[in-house]
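Please read it alongside the sequence and structure shown here.

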Amino acid sequence: MINPTEVNSLIRLLDDPDTEIFGHVHEKLASYGPEVIQYLENAFEQAFDPIQQERIANLVHEIQFGTVKNDLKLWYQSGAFDLLQGILIINRYQYPDLDEQRVINQIESIKRDIWIQMMNEASPVEQVKLMNHVFYSIHGFSGNTANHRDPQNSYISQVLETKKGNQISLAIIYSIIAQKLDIPVYGVNLPQHFILAYLDESRESEFEGGILFYINAFNKGYIFGRRDVDMFLKQLNLQFDKQFYEPCSNADIIKRVLRNLISAYEHLGSSEKVDELNELLNIFIVPGE
C-alpha cells in the first residue's frame, strides 16, 4: 500500500539539486509502479518549477513505458493469441490514458453492422463484399495516401477515429472484425506490403494452403488471386518464399507495426521514441536469430 504522505514528501524532493538525492528519490518513486502516477500527475499540476515538472513528466513516462514493456512481454510469452490485445498494448505506448473500452466498442459496432446484413448461405466472396460495403462505404475507412508515414496510422485508436490508416492497421481492424464474425481472414506479411488471406482449410485439395483468395485492405478490400502475388514478388525481384503467401502469426503482425513506427519516428527525428520502440521490438527477437 502507498503511503500518501511519504509519496508526496518524495515528490517534493524531485527538484533537489543534489544528483545523488535526486537519483535515490527517482528510484524510490519508480519502484511504486503505476500506483504512484496519480500522485505525480497531481504534483505536476501544482508545480511551478520547470525542473520539477520535467522530472515528474519523465518519471511518469518511464513508469508507463515499463508497464507497456511488461504487458507486451506477457502477451508474447502467453502465446500472442489475441491480436486486438496486442495492438492495444502498442496503442498504450502513445496513449497510456486512453479508454480502451471505447476502441473495443467501436470494433463491436462495425461487427454488428455487418452481422445484421450477413446471409447464412453467403459464399466467401459475398461475405467479403458485404464486409467491404460496411467497412469502406458505410463506415468510411480508407488508406491514408496523403500522409502515409504519419505514426498515427499505426495507433488503432487514431485509425478508428480518423477512419484513415496504413496497410497494416486497416488489415488488423478488418481481420479482427472478420474473425469475430467467424470469417477466416488472416494477415499475410508480404515485403513492402501487408495483405489478407481468406483461408478455408477444408479446401486445401483445391486451393494451395487452403487460401481461396487475397484481400487488399488498403485498397477498399480489393479481392485478388495468387497469380497477382507472384507478379508483385517478380516486380520486387524476390524469389518464391512460402511465408509471402500464407498467414503470419499475431507476433509477426505486431513486430511489423513496431517496425513501421520506428521508421515513422526516424523520419521525424524522434530518436528517444526510436530507442524505446526498438526495446519493445527486442522482446520478439530470439538470440541467435
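**Briefing on the predicted model**

In this predicted model, the axes of helix α4 (residues 50–77) and helix α11 (residues 250–268) come within 10 Å of each other and cross at roughly 150 degrees. Because angles over 145 degrees count as roughly antiparallel, α4 and α11 are described as roughly antiparallel to each other.

**The α4 and α11 pair**

- The crossing that α4 makes with α11 is left-handed.
- On the α4 side the contact involves Leu72, Trp75 and Tyr76, and these meet Asn250, Ala251, Ile254 and Leu258 of α11.
- Sorted by residue class, the contact of α4 with α11 consists of 6 nonpolar residues and 1 polar residue, with no charged residue taking part.

- Asn189 lies in the loop that runs between strand β3 (185–188) and strand β4 (195–199).
- Is Asn189 buried or exposed? Its relative accessible area is 19%, and because buried means under 20%, Asn189 is classed as buried.
- Through its side chain, Asn189 makes a polar contact with the side chain of Arg256, at 2.4 Å.
- When neighbours within four places in sequence are left aside, the residues in contact with Asn189 are Phe194, Gln243, Phe244, Cys248, Asp252 and Arg256.

- Glu41 belongs to helix α3, which covers residues 37–46.
- With a relative accessibility of 27%, Glu41 counts as partly exposed, because this class holds the values between the 20% limit for buried and the 50% limit for exposed.
- Which residues does Glu41 touch, not counting those up to four places away in sequence? They are Val60 and Asp97.
- Glu41 and Gly140 are separated by 99 residues in sequence, and their C-alpha atoms are 37 Å apart in space.

**The chain as a whole**

- The protein chain contains 12 helices and 6 strands, and its C-alpha trace spans about 70 × 45 × 35 Å along the principal axes.
- Of the 289 residues in the protein chain, 46% are buried.
- Among contacts in the protein chain with a separation of 6 or more, 60% are between residues 24 or more positions apart.

Terms used: Residues numbered from 1 in each chain as written. Predicted model: local features only at pLDDT ≥ 70, side-chain atom pairs only at ≥ 80, totals over all residues. Heavy atoms only, no water. Helix = DSSP H or I, 4+ residues; strand = E, 2+ residues; numbered from the N terminus. Buried < 20%, exposed > 50% of the residue type's maximum accessible area, 1.4 Å probe, protein only. Polar contact = N/O pair within 3.5 Å; in protein donor to acceptor, adjacent residues only side chain to side chain. Contact = heavy atoms within 4.5 Å. Axes fitted to C-alpha atoms, helices over the stretch in contact; angles between N-to-C directions. Parallel < 35°, antiparallel > 145°, perpendicular 65-115°, else oblique. Left-handed = near helix turned anticlockwise from the far one by under 90°. Nonpolar A, V, L, I, M, F, W, Y, C, P; charged D, E, K, R; others polar.
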